[in-house]
Amino acid sequence: MLDDKVAVLDFGSQYTQLIVRRVREVGVYCEVFGHDVSEDVLRGFGPKSIILTGSPRSTMEESPLKPGEFIWSFGVPILGVCYGMQVMAMCLGGRTGKSEKSEFGYSELSLDVETGQADGGLFKDFPVTSRVWMSHGDEVSQLPAGFSKLAHSQNCCYGAMANVERQLFAVQHHPEVTETATGGVLFENFLLGICGLRATWTPARISQQMIDKAAEELKEGGDVLLGLSGGVDSSVVAVILHRAIGPRLKCVMIDHGLMRSDESKNVVEAFRAASEAGSGMLPEVHVVDAREQFFSALKGVTDPEAKRRIIGREFVEAFDREVVTKYPNVKYLAQGTIYPDVIESAKVGNAALIKTHHNVGGLPEKMKLKLVEPIRMLFKDEVRRVGEILGLPHDFVWRHPFPGPGLAVRILGEVTPERADKLRKADDIFIKELFRAGCYHNISQALAALIPSKAVGVKGDERVYEEMISLRAIHTTDFMTATVVDLPHQLLVNVVRRITNEVPGISRVLYDYTDKPPATIEYE
Ligand code: XMP
């Protein structure tokens, strides 16, 4: 059975990924395409429904962004969201104009029709008025012929419209954001009700599809090399590939000395759990002790970007050396690329570079390896669910993100083995206490950082002059912005007591209360 699919045509909205996630949450597979995708590409994909996103642009520009004319007679239901509604109106003979009052934030949506016939069921189970999230300065000012008005909001006459006969629907608000409480129902009504799609995109099916696809892609033979970071993505890739090609998968873990406590042990234990749920065989993991190489390259370096560049460079070198000497039959390099990276890198005019992210991007060309990316169409939460289905332990799969350059970006100042040890111990205490207090899974990311200034303290009647640890716990949905979490007082007291007692060289612990922005999540 093939999955039903939805195509999202992206007009540059900041919420495009959210639309895709909402559709997948309903259980329907969905992919993003450029707003001007060609008919051939779209027919090749074979969507049973199309969604048009919002946009920072305006239909009143001299050459506004438009989809290809063909989509209006493509033969599948279309839902326009915000700009998607305006562009639908404009292309089909209606009019758009500047709103008298822009709406940014909450607004009341009031239905003007009884749900059923006039709206095709789009607003089934909706109250007559509901709170929705708006973000627009333009609006539809005249409906195209054949369309009916379905709803209005305080400042917007046409809050929703439809031409049920042509299966064209549009809403001015943003059903994809969590602030719109009725958003999930609207997507269900549209996808399952109006479009009649089947909700088959479930973690169990996704897992099997990923395994089958990888087996097919790699059927010609040759070993596959995978760099394990200890993170969720590379671990899930390992389990998928191991199920697909067995011992042809070679996992290499470069221990740069900047990993969390017991990292390689934790990964191997997680694989053991997954193998018990699967074939019973463990993937081969080769841990390379490259600590000396990294620490000597980082000696005396304090500049954050220089550290990141050095770690990236040394990583490629260590990996390269291992492959050449140990794995002559390697033909492929596997990577844990996920869908948000794919969507973002396809976007024009990417955001300013804040940090050089460390990954193994330069490797495949240098090593003449073909790239395999088994999870490139998945969102992080889907990767985690697949991981669980494949038997990786819950706590491992739902771990907080950990940056590629490891503890280095949390060691302000020079990175030395001693300072890395201090931070590793403090980090381990903090994370274990979060688990013990039952707080870990309610936080998006928690970390400890080592501050390179000393402060005076007193330990056992003696004056000490030691470095400080800063603790940070944040909540975020997309890691682009983040707010600080208020941790329970007693938990913080325990963590501080344990760190100052158990980590030599630390006599003061601070709690970082800075949101992102202005601070980033990591310290460097
Ligand atoms: P920032 O510090 O930019 O972090 O607010 C946002 C998220 O990205 C993670 N991060 C990284 N992940 N390689 C990674 O794989 C990196 O170089 C890197 N730098 C930051 C960070 O942990 C947070 O989740």
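**Close-up 1. The surroundings of threonine 476 in this predicted model.** Looking past the neighbours within four places in sequence, you will find Ser444, Thr481 and Ala482 in contact with threonine 476. The residue sits in a loop, with β16 (462–475) on one side and β17 (483–484) on the other. Its relative accessibility is 9%, so threonine 476 counts as buried, the cut-off being under 20%.

**Close-up 2. Polar contacts made by the side chain of threonine 476.** The side chain of threonine 476 reaches the backbone oxygen of threonine 481 at 2.6 Å. A polar atom of that side chain also lies 2.7 Å from the backbone nitrogen of phenylalanine 479.

**Close-up 3. Helix α8 and the elements it packs against.** Helix α8 covers residues 291–298, and its buried residues are Gln293, Phe294, Phe295 and Leu298. These buried residues pack against β11 (249–255), α9 (304–326) and α14 (417–436). Follow the chain onward and you meet glycine 300 after α8, with a positive phi near 80°.

**Close-up 4. Cysteine 157 in strand β8.** Strand β8 takes in residues 156–163, and cysteine 157 is one of them. Is cysteine 157 buried or partly exposed? Its relative accessibility is 38%, so cysteine 157 counts as partly exposed. Setting aside residues up to four places away in sequence, cysteine 157 touches Glu139, Lys149, Ala151 and His152. Valine 140 is 17 residues from cysteine 157 along the chain, and their C-alpha atoms are separated by 8.1 Å.

**Close-up 5. Stepping back to the whole protein, with its 15 helices and 18 strands.** The C-alpha trace spans about 80 × 60 × 45 Å along its principal axes. A compact globule of 524 residues would have a radius of gyration near 24 Å, and the 26 Å of this protein agrees with that. Buried residues account for 56% of the 524. Of the contacts between residues at least 6 apart in sequence, 76% join residues at least 24 apart. Carbon and sulfur atoms hold 51% of the accessible surface, which comes to about 23300 Å². As for charge, the mean positions of the 59 positive and 69 negative charges are 4 Å apart.

Technical notes:
Residues are numbered from 1 along each chain as its sequence is written. This is a predicted model: local features need pLDDT of at least 70, side-chain atom pairs count only at pLDDT 80 or more; totals for chains, interfaces and linings use all residues. Side-chain values use heavy atoms; hydrogens and water are left out. Helices (H or I, at least four residues) and strands (E, at least two) are DSSP runs, numbered from the N terminus. Buried means under 20% relative accessible area, exposed over 50%, partly exposed in between (1.4 Å probe, protein chains only). A polar contact is a pair of N or O atoms within 3.5 Å; within protein, one must be able to donate a hydrogen and the other to accept it, and residues adjacent in sequence count only if both atoms are side-chain atoms. Contact means heavy atoms within 4.5 Å. The radius of gyration is taken over C-alpha atoms; the globule rule is 2.2 Å times the number of residues to the power 0.38. Accessible areas come from the Shrake-Rupley method with a 1.4 Å probe; for residues, only the protein chains shown count as cover. Lys and Arg count as positive and Asp and Glu as negative; His and the chain ends are not counted. The place of a charge is taken as NZ of Lys, CZ of Arg, CG of Asp or CD of Glu.
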